[in-house]
Amino acid sequence: CKDRIQKWLDEQGDFPKRGAENEYVFYAEKAYPMEQDRTKYFENICVDKAPYVGYKLLMFLYKYRVVKSIWTTNFDGLVERSAQQANITPITVTLDNPEGILRNESKNELLYIALHGDYKYSKLKNTSRELDSQQPLFVQRLKGYFVDKNLVVIGYSGRDKSLMKALSVAFSTKGAGRLYWCGYGGRVNSEVEVLLETIKNSGREAVYID
């Protein structure tokens with residue numbers, strides 16, 4: 001079915017090729033031009049979804065202080081649900097309450113930053129215009145937070161220009177925190193490759209993990 005649909009799309013000439021970098025943002029905006037409609041669409045997808053084992057293991061790592069905070073580009077709310085199921089209090093910071101990112105950390109609370117917003121709130125980043133802007137407070141906090149902490153990136157493509165720029169600024173600042181970028185296979189996309197090289201050239205450590 002996917003092949004037949006893509007073939008039809010290719011014949012029209014106005015749609016992205018399969019695997020194109022702008023596929024997601026193109027179809028999100030094409031199908032739902034209005035922000036409220038996009039928010040409702042993603043909200044409906046996420047209803048009644050249960051956290052899988054990976055999320056549960058993440059909470060286990062938090063309890064043993066291996067993980068101190070979670071910064072995510074997802075907006076499905078599964079981190080919060082996992083935390084609540086594990087009797088952990090999540091402190092959620094979104095584009096609607098960015099000031100919350102400045103609060104002091106507590107060992108009894110999980111700092112959870114939704115970098116692309118959250119469908120339960122009014123702002124959700126889906127389109128190219130929205131993804132190319134990052135909340136200044138988030139950038140400021142990234143820069144200070146990872147001076148002495150390591151960041152492990154999992155399951156992220158690196159196609160959000162504003163977030164990649166923020167990571168570049170944060171890890172090019174003098175500090176001891178490392179960046180570990182985990183990906184599938186040995187092939188590293190150009191955005192990630194540039195980020196890793198920029199960080200290493202600034203004197204910080206950054207590695208790609210297959």
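Trainee: Hi! How are the residues numbered, and which pLDDT do local features need?
Mentor: Residues are numbered from 1 along each chain as its sequence is written. This is a predicted model, where local features need pLDDT of at least 70 and side-chain atom pairs count only at pLDDT 80 or more, while totals for chains, interfaces and linings use all residues; side-chain values use heavy atoms, with hydrogens and water left out.

Trainee: Okay, strand E5. Which residues are on its covered face?
Mentor: Leu-179 and Trp-181 are on the covered face of E5, which spans residues 179-182, and Tyr-180 and Cys-182 are on the uncovered one. Strands here are DSSP runs (E, at least two residues), and helices are runs of H or I with at least four, numbered from the N terminus.

Trainee: How many bridges join E4 to E5?
Mentor: Four, and E4 (residues 151-154) and E5 run parallel. Two strands pair if DSSP finds at least two bridges between them. Val-153 is the residue opposite Trp-181 in E5.

Trainee: And which helix does the chain pass through from E4 to E5?
Mentor: Helix H8 (residues 161-172), in a β-α-β crossover that is right-handed. That term means that, with the strands pointing away from the viewer, the path from the first strand over the helix to the second runs clockwise.

Trainee: What about E5 and E6, how many bridges there?
Mentor: Four again: E5 pairs with E6 (residues 206-209) in the parallel sense. Trp-181 has Tyr-208 as its bridge partner in E6. Between E5 and E6 the chain goes through helix H9 (residues 190-201), and this β-α-β crossover is right-handed.

Trainee: Is Val-194 buried or exposed?
Mentor: Val-194, whose place is in helix H9, is exposed, with a relative accessible area of 53%. The cut-offs are under 20% for buried, over 50% for exposed and partly exposed in between (1.4 Å probe, protein chains only). Its C-alpha atom is 9.2 Å from that of Ser-168, 26 residues away along the chain.

Trainee: New topic: what is the strand order in the open sheet?
Mentor: The order is E1-E3-E2, three strands with parallel pairing. Strands E1 (69-72) and E2 (89-93) stand at the edges with a single partner strand each, so one side of each has no neighbour in the sheet. Five bridges join E2 to E3 (residues 109-114), and Thr-92 is opposite Tyr-112 in E3.

Trainee: Now rings! How many aromatic pairs are there?
Mentor: Twelve. Rings of Phe, Tyr and Trp (its six-membered ring) pair if their centres lie within 6.5 Å; planes under 30 degrees apart count as stacked, over 60 as edge-to-face and the rest as tilted. Tyr-145 and Phe-146 are edge-to-face, because their centres are 5.0 Å apart and their planes at 75°. Tyr-145 is buried at 2% relative accessible area, and Phe-146 is buried at 2% too.

Trainee: Which ring does Tyr-156 pair with?
Mentor: Tyr-156 pairs with Trp-181; the pair is tilted, at 5.9 Å centre to centre and 40° between the planes. Tyr-156 lies in the loop between E4 and H8 and Trp-181 in strand E5, so the pair ties together parts 25 residues apart in sequence. Tyr-156 counts as buried at 14% relative accessibility, and Trp-181 is buried at 2%.

Trainee: Which residues make up the aromatic cluster?
Mentor: Trp-8, Phe-15, Phe-26 and Tyr-27 form one aromatic cluster.
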